[in-house]
Amino acid sequence: MKKRLKIQNETLTGFKKTIKVSKQKGDLLYANYSQIENLLNVIQNARSKEYPWKEIAKTLKDAKKIWDG
């Protein structure tokens with residue numbers, strides 16, 4: 001029973017860590033929702049014009065360099 005309790009406690013600890021990380025990710029997405037939505041719209045627009053994924057990725061990397069300064 002001690003071994004089972006130990007395993008259950010370890011599992012619970014893992015779940016708590018997963019919850020914490022998932023909440024942080026969710027908060028980050030929520031805080032940057034408009035930027036993410038704009039980015040997805042740009043990608044969707046580029047794909048609708050049949051731009052290749054490689055070109056889209058290059059454009060996004062170039063934009064990131066400009067954005068980061």
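**Exercise 1.** Find which residues of H2 meet which residues of H3 in this predicted model, and sort the residues of this contact by class.

*Solution.* Step 1: from H2, take Gln35, Leu39, Ile43, Ala46 and Arg47; their partners in H3 are Trp53, Ile56, Leu60 and Trp67. Contact means heavy atoms within 4.5 Å. Helices are DSSP runs (H or I, at least four residues), numbered from the N terminus.
Step 1: the contact of H2 with H3 has seven nonpolar residues, one polar and one charged. Ala, Val, Leu, Ile, Met, Phe, Trp, Tyr, Cys and Pro count as nonpolar, Asp, Glu, Lys and Arg as charged, and the others as polar.

The model is predicted: local features need pLDDT of at least 70, side-chain atom pairs count only at pLDDT 80 or more, and totals for chains, interfaces and linings use all residues. Residues are numbered from 1 along each chain as its sequence is written, and side-chain values use heavy atoms, without hydrogens and water.

**Exercise 2.** State which helix has the lowest mean pLDDT and which the highest.

*Solution.* Step 1: pLDDT is the predictor's confidence in each residue, from 0 to 100. The average over the protein chain is 94, and 100% of the residues score at least 70.

Conventions. Helix = DSSP H or I, 4+ residues; strand = E, 2+ residues; numbered from the N terminus.
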